[in-house]
Amino acid sequence: MILKQSLSGRRFVIISIFLAIGIIYVTRLIYLQLIDDSFIISANRNVLRELTVYPPRGLIYDRNGKLLTYNEAIYDLMVIPKQVRDFDTIEFCKMLNLPKEEFKSMFSKAYNYSPYKASVFEKQYSKEEYSFIEEKLYKYPGFYFQSRTLRKYPYPMAAHTLGYIGEVDNSVLDSSHYYKPGDYIGISGIEKSYEEVLRGKNGCTIMMVDNLNRVKGSFRDGLFDTMPIPGQNLYSSLDADLQAYGELLMKNKRGSIVAIEPSTGEILSIVTSPSYDPNLLVGRVRTQNYVKLSEDADKPLFNRALMAKYPPGSTFKLVNALVGLQEGVLKTATAFSCERGFHVGKLNVECHPHPSPLDLMHAIAVSCNAYFCKAFRAMIDSRKFHSVREGYETWRKLVMSFGLGEHLNTDLTSELRGNIPSANFYDKYHGKNRWKSLSIISLAIGQGEIGITPLQLANLASVIANRGYYLTPHIVKAIGNKKNLNPKFLDKKKTLVDAAYFNIVADAMLMVVEAGTASSAKSDEYKICGKTGTAQNPHGKNHSIFIAFAPKDNPKIAISVVIENAGFGATWAVPIASLMIEKYISGKITRPDVEESMINAKIY
Amino acid sequence: MVTLYLILVTIGWVNIYAAVYSEEHKSILDFGQNSGKQLIWILSSLLIALTLLLIDPKIFNTFAYVIYGVNLVLLILVIFVGREISGSKSWFGVGDVGIQPAEFAKLATSLALARYLSAIDVKIQNSSTKVYTFILIALPVLAILLENDTGSALVFTALIFMLYREGLSGNILILGLMMVVMFFATLMIDKLIVLGIITIVALIIIWFVRKNRKILWISIGLFFLTAGFIYSVDYAFSHLEEHQKTRIDVLLGKQVDLKKAGYNVNQSKIAIGSGGFAGKGFLNGTQTKYNFVPEQSTDFIFCTIGEEWGFVGSLTLLGLFMGLLIRIVTVAERQRSSFSRIYGYALASILFFHITVNIGMTIGLFPVIGIPLPFVSYGGSSLWAFTTMLFIFIKQDSSRLNLL
Ligand SMILES: [Zn+2]
């Protein structure tokens, strides 16, 4: 009995052991559940997935409200490898039109990326392909479609200007928190320069997922979700009709047309030729087409209007005339003789036959080389300046105030600055202080080292049209419903030449068209002012250049036309510019014969 | 006890529902789901319970060896004709439903031990009694080990508590507990350090007991025994199967592999830890509902409770279990028949082991050993077996005055 008693007391030992474990466990639970917060974070990381909701990208219209770019739904075929069950691969490949080996490599690529996370199996099926495949897709668990949008272009034009979108690259991913791999971003043109406006703002929904990454529902009924903000529509300053007409005229030619509304700086048309159909760089065919285009000997991807620089030839005489007038080395009545050119020592600058001597207006009208060589020397060697260098730098400063030799800071991407050589350049070339006005005399007639882009040429026409100032050229007129644009586009940029002198040059330009080298541009309805030019081309036939604006008073359009390898400026550039002006101002073409010959001309 | 049982079973059912809950299967009565099936198990368990309460309690004493024998045969049979589920060949397939004889082995062995040890002429102090007791336990353990169900086999070690109550020397209990501590210590810390500590402790003890030769020799003997044990653990561990080794390594924090073996425990800890004080609310557990925690309706059911009901919920459940264990022990003590008392202690021991190991593994204090949480985990065999065990005891207690 004593034994019994003592053994019965052992229950307390046993109960104590039970309770000891109980206490250890409670302590552990206190630690896990009450003290350590890291588990809550881990649980959230496990289960919460932020899904980006893409807003529709803004549309692009032309200045008259014609739609230039819109969005079209496309479908990416996604796969979550772990959810894929055995299936008939032959049938599957047949459905997708895929060779079996390719299927295998695509699938293992997705598997290697992550067996549990979704990855793009095949990109960008069209709506038709999508509806065909989607019907049968239920047979293949683990595969599903995700819709994206692609840009579409109802008119195959202005490819360079509109630009294109593509997946973000690593450099963007490194510098921006906004984009994730696979996101689209504007890569060139308007798409790039107005990316932030067009893209809107991504929304975010927080979803809960299970261990296989399957979406199970929204977190707290979307309490923390943000709505996407749609991209804003853009109104481009382009005139779609004019643009299309310009591209038609430039068919089978190399060169460019840039047309600007002088009073606003709005770009009406910007043609570079050869170009391409913007729809080629969209969707699944893009990579393939891009390679083809970039290997094309005609360089259709090269935007000549912004990136090609030419010696401006005789069109530059306008600038030299204005600079001379401003500096007082020229007067309207200043006359120089021409001996079939300009001849000093061994230097000969040829000129064509014409009456001599000439005053300034007539010198512009007949584009006398000798006159402008003499005027240039008078400018650079003027006694006002202590040295050739000072004379040149004064000249250069005035020239650059026309928006030449520097970026215009438009809203177009890949715009080049052209080149107005610095004094230092000549120091290097000829040796310090070892050059004089004669060494750089080719600048007098717009040849030599000088380089100007077609956009800058059009802007030069715009400057003269405005009699002394320009508004920074731009391609977007309005963003969304707001009319206010970047204020820099409303700012008048004055040249360093007084307005009064521009009237003299404008009169001379009128004379060029009415009775001079560009008489083929003459119109009965309005007065066109213009100037031809021929850019010397060491590699082949010279480039034909024409800049113009019209009407003379209250100009509506300023234009530059460059046709490469077309020879003398008047032959090709003048009629094409005049057709563009006519098309824009009156909306109809009175000279169908000229139009036809221009369209049909093949110039390489 | 009946009330505690009903509460626990209900908690189990509700949380199994929460564990398998999904938008597609909203009904708790969906019999395609574990929650629906568990209801069937619960109802049939209640039927079993009722039956047990109605029949003559003496029958268990009488047929204890028969039940033991039949069970042993089944245990062996299952090795040959059983169905293999997750590496253990311990299931009899009956249509869609599996029956695990190992679950009932606990009951059968408890009965047999109670029968054997309650015999008047049997004293546990006798060596022969020890041998027979050992054999009674060892036979089913061996069979279960052959079924490759280590978890269930380990459960039988808990019977040491019952044996201790029935007169087994306290030293053996201490030795057993020490061995568990040593086991973890050896694996967690370098064996030489453990050995060093043991040596220092032993030297101190020897210094104090140097006068008493007998205790001195015992101490020295114990020291060498412990050292030997440490070496054998180390040796055994290095010869363990790879997956078992990893599980233990993960538990000890020696190896952190969150994607593979550590995944279960880690996700389980996240589930319980993210429950906080009050939990995420019924059916709002993200860890368990979205399958981050494996086997959440069976072995990891405690996660669901910890996550959805928080500290409050897990404390409540732990409290209920503690209450049940203490209640069983107390009730066992008041039995007049030693059969009932022994059986009661066996029941408490086995329940204790299950609870300790199951909850311990979910909170990362024990290696992952696949044994269910009594009354709560999903599973017919386990629920039936535990119900039967508990209600046999309840019946014994209710008729204790008639039994001797
Ligand atoms: Zn001349």
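**Note on the predicted two-chain model**

1. A:Cys351 counts as buried, because its relative accessibility is 10%. Buried means under 20% relative accessible area, exposed over 50%, and partly exposed in between, using a 1.4 Å probe and protein chains only. A:Cys368 also counts as buried, at 1% relative accessibility.

2. Basis of the numbers. This is a predicted model, in which local features need pLDDT of at least 70, side-chain atom pairs count only at pLDDT 80 or more, and totals for chains, interfaces and linings use all residues. Residues are numbered from 1 along each chain as its sequence is written, chains are lettered from A and ligands numbered from 1 in the order in which they are written, and side-chain values use heavy atoms, with hydrogens and water left out.

3. Zinc site. The zinc ion has four protein donors: A:Cys338 (SG), A:Cys351 (SG), A:His354 (NE2) and A:Cys368 (SG). They lie 1.9 to 2.4 Å from the zinc ion. A:Cys351 sits in the loop between strand E14 (347-350) and helix H14 (360-366) of chain A. A:Cys368 sits in the loop between H14 and helix H15 (369-380) of chain A, and the two are 17 residues apart. Donors here are N, O and S atoms within 2.8 Å of the metal (3.2 Å for Na, K and Ca); water is not among the atoms, so sites may look incomplete.

4. Zinc geometry. The angles among the 4 donor atoms run from 101 to 123°, and the site is tetrahedral. Four donors count as tetrahedral if all angles lie between 85 and 135 degrees. The ideal angle for four tetrahedral donors is 109.5 degrees. In sequence the donor residues follow the spacing C-x12-C-x2-H-x13-C.

5. Strand E11 of chain A. Helices (H or I, at least four residues) and strands (E, at least two) are DSSP runs, numbered from the N terminus.

6. Neighbours of E11(A). Strands pair if DSSP finds at least two bridges between them. E11(A) runs antiparallel to strand E12 (residues 266-273) of chain A, with 7 bridges. A:Val258 has A:Ile270 as its bridge partner in E12(A). The hairpin of these two strands has 4 residues between them, and A:Gly265 takes a positive phi near 80° there. E11(A) is also antiparallel to strand E20 (residues 557-563) of chain A, through 6 bridges. There, A:Ser256 is partnered by A:Val562.

7. Helix H15 of chain B. In H15(B), 24 of 25 residues are buried. Just after the helix, B:Gly364 takes a positive phi of about 75°.

8. Chain totals. Chain A has 21 helices and 20 strands, and 54% of its 604 residues count as buried. Chain B has 16 helices and 3 strands, and 55% of its 404 residues count as buried.

9. Surface. Areas come from the Shrake-Rupley method with a 1.4 Å probe; for residues, only the protein chains shown count as cover. Chain A has an accessible surface of about 27300 Å², 53% of it from carbon and sulfur atoms. Chain B exposes about 17500 Å², with 69% from carbon and sulfur atoms.

Terms used: Tetrahedral: all angles 85-135°; square planar, octahedral: opposite > 155°, others 65-115°.
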